[in-house]
Amino acid sequence: SIKTLAAEMAYAMREGEWGYLGELMQRHWLLNQQLDPHTTNAPINQMLGVLQPYLAGAKLAGAGGGGFLMLLAKDEEAAGQVRRLLAGGSGRLYEYSIAEEGFHVERL
């Protein structure tokens, strides 16, 4: 199921279906927790509980040991609220955007 979700996420990103991408992220996150209940912890769950009204999706990225919590806000207003709620927290907030053209290498 996780492999299928990855393909569906790629499709959602290509098509700009951000709400659908958020749903897929949530399903992926739930599957990760079913595979390993120690995928998450109380502080992460508490943070997600506070942010949930503003999120289309969220999931941990990486193989553990200090990876990233990826958040997809419902819209620009929700993103601003997420930024405000996370300001001054114990972690760092990294802004990111999704490349529209993918990875390019140019040889000079």
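Modeller: What follows goes through the labels one at a time, setting values against cut-offs.

Biologist: What kind of model is this, and what does its secondary structure come to?

Modeller: This is a predicted model, and the secondary structure of the protein chain comes to four helices and two strands. From the N terminus on, the elements run α-α-α-β-β-α, and the C-alpha atoms fill a box of roughly 45 × 30 × 30 Å along the principal axes. Of the 108 residues in the protein chain, 22% are buried.

Biologist: Why is His 28 called buried?

Modeller: Buried means under 20% relative accessible area, and His 28, at 11% relative accessibility, therefore counts as buried. His 28 has its place in helix H2, and, leaving aside neighbours within four places in sequence, His 28 is in contact with Ile 2, Leu 5, Met 9 and Lys 59.

Biologist: What makes the buried residues of H2 a face of the helix?

Modeller: The buried residues of H2 are Leu 21, Gly 22, Leu 24, Met 25, His 28, Trp 29 and Asn 32. Seen down the axis of H2, these buried residues fall within an arc of 165 degrees, so they line one face of the helix. In an α-helix there are 3.6 residues a turn, so residues three or four places apart point the same way. On the other side of H2, Leu 30 and Gln 34 are exposed, while what covers the buried residues of H2 includes helix H1, helix H3, strand E1 and strand E2.

Biologist: How do you know that the span of H2 is close to what is expected?

Modeller: Helix H2, residues 18–35, has 18 residues and reaches 26 Å from its first C-alpha to its last, which is close to the 26 Å expected at 1.5 Å a residue. Helix H1, with 14 residues, reaches 20 Å, close to the 20 Å expected at 1.5 Å a residue.

Biologist: What makes the buried residues of H1 a face as well?

Modeller: The buried residues of H1 are Leu 5, Met 9 and Ala 12. Seen down the axis of H1, they fall within an arc of 65 degrees, so they line one face of the helix. On the other side of H1, Lys 3, Thr 4, Ala 7 and Arg 14 are exposed, and what covers the buried residues of H1 includes H2. Just after H1, Gly 16 takes a positive phi of about 70 degrees.

Biologist: Why are Ile 44 and Ala 78 called buried?

Modeller: The cut-off for buried is under 20% relative accessible area. Ile 44, at 16% relative accessibility, therefore counts as buried, and Ala 78, with a relative accessible area of 8%, is buried too. Ile 44 lies in helix H3 and touches Trp 29 and Leu 60, not counting residues up to four places away in sequence. Ala 78 is found in helix H4 and, with residues up to four places away in sequence not counted, touches Tyr 54 and Ala 73.

Biologist: What makes Arg 83 and Glu 95 a salt bridge?

Modeller: Side chains of opposite charge can pair when their charged atoms come close. The closest N and O atoms of Arg 83 and Glu 95 are 2.7 Å apart, and the cut-off is within 4 Å, so the pair forms a salt bridge. The structure holds one salt bridge. The pair links distant parts of the chain, with Arg 83 in helix H4 and Glu 95 in the segment after H4, 12 residues apart.

Biologist: Why do the two partners, Arg 83 and Glu 95, carry the labels they do for exposure?

Modeller: Exposed means over 50% relative accessible area, and partly exposed lies between that and the 20% limit for buried. Arg 83, at 33% relative accessibility, therefore counts as partly exposed, whereas Glu 95, at 53% relative accessibility, counts as exposed.

Biologist: Which residues lie nearest the centre of the largest pocket?

Modeller: Met 70, Leu 71, Leu 72, Tyr 94 and Tyr 96 lie nearest its centre, out of 43 residues that line the largest pocket. The elements that give two or more residues to this lining are H1, H2, H3, E1, E2 and H4. About 1,500 Å³ of space lies in the largest pocket.

Technical notes
Residues numbered from 1 in each chain as written. Predicted model: local features only at pLDDT ≥ 70, side-chain atom pairs only at ≥ 80, totals over all residues. Heavy atoms only, no water. Expected span 1.5 Å × (residues − 1). Buried < 20%, exposed > 50% of the residue type's maximum accessible area, 1.4 Å probe, protein only. Arc of directions from axis to C-beta. Contact = heavy atoms within 4.5 Å. Salt bridge = Lys/Arg side-chain N within 4 Å of Asp/Glu carboxyl O. 1 Å grid on protein atoms, 1.4 Å probe; cavity = no way out; pocket = protein on both sides within 12 Å on 5 of 7 lines; lining within 4 Å. Points joined across faces, edges and corners; volume = space filled by probe spheres on them.
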